[in-house]
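This report describes the fold of one protein chain and the surroundings of selected residues. The sequence and the model are shown first.

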Amino acid sequence: MPGGRVTRLAVVCCALLAGLDLLVTRGLGPLYDIGFWLVCIAAALAVRPTDFFRVGVTPPFLMLGVVAVLAVVHPVAVANPGDGVVQAVISGLAHHSGALFGADLTAVVLLLIRFRVRRSKRDKTRYSNREASPRPTLETSATPEEKSTTVVGSDEDSPPSRTASSH
């Protein structure tokens with residue numbers, strides 16, 4: 001899928017995960033962390049190769065966005081009750097740094113694997129259809145003494161050409 005679509009789906013999934021986790025545990029906990037990890041893996045597997053970079057940098061921004069929204073709307077979900085918005089964002093990122101690191105690392109490794117597999121398939125099909133076949137080479141074997149003439153066009157009224165090849 002295109003990177004924009006994958007990013008939008010990841011944002012929606014993480015918002016739903018955060019909402020579900022808030023309903024169940026009254027804060028972001030392991031349910032959100034595991035779901036976040038799975039969303040990042042799914043994004044890395046679903047994106048088209050031209051948008052690998054976009055999905056590779058999405059997890060930190062996705063986590064920051066969810067934590068920032070919760071720090072403004074419901075700060076006790078990510079921090080202590082007396083913390084301000086900035087402290088709530090920092091606390092939320094610190095509390096979920098393990099999930100963020102794991103999800104981002106897993107997504108980047110999956111993208112790297114996909115890139116390497118795609119490149120190796122392209123290299124194999126570029127040079128040969130069979131693994132045992134050697135790579136093609138180009139060799140020129142003509143000598144300067146060999147000459148040829150090519151007729152590009154002729155009039156119907158003119159006599160037929162009688163150009164002979166010289167060896």
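## Helical packing in a predicted model

Among contacts in the chain between residues at least 6 apart in sequence, 64% join residues at least 24 apart; contact here means heavy atoms within 4.5 Å. The model is a predicted one, in which local features need pLDDT of at least 70 and side-chain atom pairs count only at pLDDT 80 or more, while totals for chains, interfaces and linings use all residues. Residues are numbered from 1 along each chain as its sequence is written, and side-chain values use heavy atoms, with hydrogens and water left out.

**Overall composition**

The secondary structure consists of six helices and zero strands, giving the pattern α-α-α-α-α-α along the sequence. Helices (H or I, at least four residues) and strands (E, at least two) are DSSP runs, numbered from the N terminus. Of the 167 residues in the chain, 29% count as buried. Buried means under 20% relative accessible area, exposed over 50%, and partly exposed in between (1.4 Å probe, protein chains only). The chain exposes about 11,900 Å², of which carbon and sulfur atoms supply 62%; these areas come from the Shrake-Rupley method with a 1.4 Å probe, and for residues only the protein chains shown count as cover.

The expected span of a helix is 1.5 Å times one less than its number of residues.

| Helix | Residues | Length | Span | Expected span |
|---|---|---|---|---|
| H1 | 3-25 | 23 residues | 32 Å | 33 Å |
| H4 | 58-73 | 16 residues | 22 Å | 22 Å |

The buried residues of H1 are Gly3, Gly4, Val6, Thr7, Ala10, Cys14, Leu17, Ala18, Asp21 and Leu22. Their cover includes H2, helix H3 (52-56) and H4. Val6, in H1, is buried with a relative accessible area of 4%. Leaving aside neighbours within four places in sequence, Val6 is in contact with Met1, Ala43, Ala46, Val47 and Val55. The C-alpha atoms of Val6 and Leu45 are separated by 9.9 Å, although these residues are 39 residues apart along the chain.

H1 is followed by Arg26, which is found in the loop between H1 and H2. Arg26 has a positive phi of about 70° although it is not a glycine. With a relative accessible area of 64%, Arg26 is exposed.

Buried residues of H2 are Tyr32, Asp33, Gly35, Phe36, Val39, Cys40, Ala43 and Ala44. In H4, Thr58, Pro59, Leu62, Met63, Val66, Val67, Leu70 and Ala71 are buried. An α-helix has 3.6 residues a turn, so residues three or four places apart point the same way.

**Individual residues**

Val66 of H4 is buried, with a relative accessible area of 12%. Beyond residues up to four places away in sequence, Val66 touches Cys14, Ala18, Leu28 and Tyr32. Its C-alpha atom is separated by 9.7 Å from that of Leu93, 27 residues apart along the chain.

Trp37 lies in H2 and counts as partly exposed at 34% relative accessibility. Leaving aside neighbours within four places in sequence, Trp37 is in contact with Ala99, Gly102, Ala103 and Thr106. Trp37 and Ala103 are 66 residues apart in sequence but 4.6 Å apart in space, C-alpha to C-alpha.

Ser91 has its place in helix H5 (residues 85-95). At 11% relative accessibility Ser91 counts as buried, and it touches Val78, Ala79 and Asp83, not counting residues up to four places away in sequence.
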